[in-house]
Amino acid sequence: MSTGIFGLLMQPPAPYKAETRFHKWQGVSGQWWLTIVEPLIAHHLEIPSVYVMVRRDWNGLAHPLYIGQTSDTGRRMDEHIQDKLRQAIALGGNELHCHFSARSKQERFAIESDLRNGHNAPLNRQNSAPVFGGLFGLGAAQIEKRNQTLAGLLAG
């Protein structure tokens with residue numbers, strides 16, 4: 001590694017660092033939701049929130065990885081340690097954006113739905129019911145069987 005002025009000139013550029021205390025996310029409704037930006041790995045407030053696990057890239061752009069809601073942000077992040085948090089880190093996650101202004105559980109669910117439907121967060125993707133299996137797959141199989149029976153009756 002070179003030292004002096006040439007060493008400084010040879011260093012890779014530092015990542016773009018804009019003021020990131022707050023971030024606005026737009027939902028599918030067109031509504032903008034203001035969030036507070038925190039480190040992904042930290043002690044989080046134990047209050048209700050709608051949250052977005054985020055990967056902020058070198059250009060300063062925020063990419064949502066997972067969108068959720070909770071009645072206790074600190075507890076929920078502790079619960080996510082074994083699954084979503086680990087997956088978000090593997091995808092480059094480095095920030096947690098929290099919206100604390102929802103006044104009720106119903107409002108948190110509505111905001112979460114607005115954001116989830118407005119963004120393609122990879123850790124929110126779920127398989128379709130037949131592929132997913134379990135009770136959902138069983139229900140989908142029963143509906144498919146009923147539809148085939150009805151189609152047979154109508155054709156016959």
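Which residues does Asn124 touch, not counting residues up to four places away in sequence? In this predicted model, Asn124 touches Leu65, Tyr66, Ile67 and Arg116, where contact means heavy atoms within 4.5 Å. Asn124 lies in the loop between helix H4 (105–118) and helix H5 (129–132); helices (H or I, at least four residues) and strands (E, at least two) are DSSP runs, numbered from the N terminus. With a relative accessible area of 11%, Asn124 is buried. Here buried stands for under 20% relative accessible area, exposed for over 50%, and partly exposed for values in between (1.4 Å probe, protein chains only). The side chain of Asn124 also reaches the backbone nitrogen of Ile67 at 2.7 Å.

Residues are numbered from 1 along each chain as its sequence is written, and side-chain values use heavy atoms, with hydrogens and water left out. Because the model is predicted, local features need pLDDT of at least 70 and side-chain atom pairs count only at pLDDT 80 or more, while totals for chains, interfaces and linings use all residues.

Turning to the overall fold, the chain contains six helices and five strands, and along the sequence these follow the pattern α-β-β-β-β-α-α-β-α-α-α. Of its 156 residues, 35% count as buried. Among contacts between residues at least 6 apart in sequence, 68% join residues at least 24 apart. The accessible surface comes to about 10,500 Å², and 59% of it belongs to carbon and sulfur atoms; such areas come from the Shrake-Rupley method with a 1.4 Å probe, and for residues only the protein chains shown count as cover.

The strands can be taken in turn. S3 and S4 run antiparallel and are joined by eight bridges; two strands pair if DSSP finds at least two bridges between them. Arg56 has Ala62 in S4 as its bridge partner. The hairpin of S3 and S4 has five residues between the strands, and within this hairpin Gly60 takes a positive phi near 90 degrees. Eight of the nine residues of S4 are buried, so S4 is largely enclosed by the rest of the structure.

Strand S5 (residues 95–99) is mostly covered as well, with five of its five residues buried. Glu95, His97 and His99 point one way from S5, whereas Leu96 and Cys98 point the other way. S5 pairs in the antiparallel sense with strand S2 (residues 32–39) over four bridges, and Ile36 has Cys98 as its bridge partner. S5 pairs with S3 in the antiparallel sense too, over five bridges, with Val52 standing opposite His97.

The structure holds one aromatic pair. The rings of Tyr51 and Tyr66 have centres 6.2 Å apart and planes at 40 degrees, so the pair is tilted. Rings of Phe, Tyr and Trp (its six-membered ring) pair if their centres lie within 6.5 Å, with planes under 30 degrees apart counted as stacked, over 60 as edge-to-face and the rest as tilted. This pair links distant parts of the chain, as Tyr51 in strand S3 (residues 49–56) and Tyr66 in strand S4 (residues 62–70) are 15 residues apart. Both Tyr51 and Tyr66 are buried.

Arg86 belongs to helix H3 (residues 84–90) and is exposed, with a relative accessible area of 51%. Leaving aside residues up to four places away in sequence, Arg86 touches His80 and Ile81.

Definitions and conventions. A polar contact is a pair of N or O atoms within 3.5 Å; within protein, one must be able to donate a hydrogen and the other to accept it, and residues adjacent in sequence count only if both atoms are side-chain atoms.
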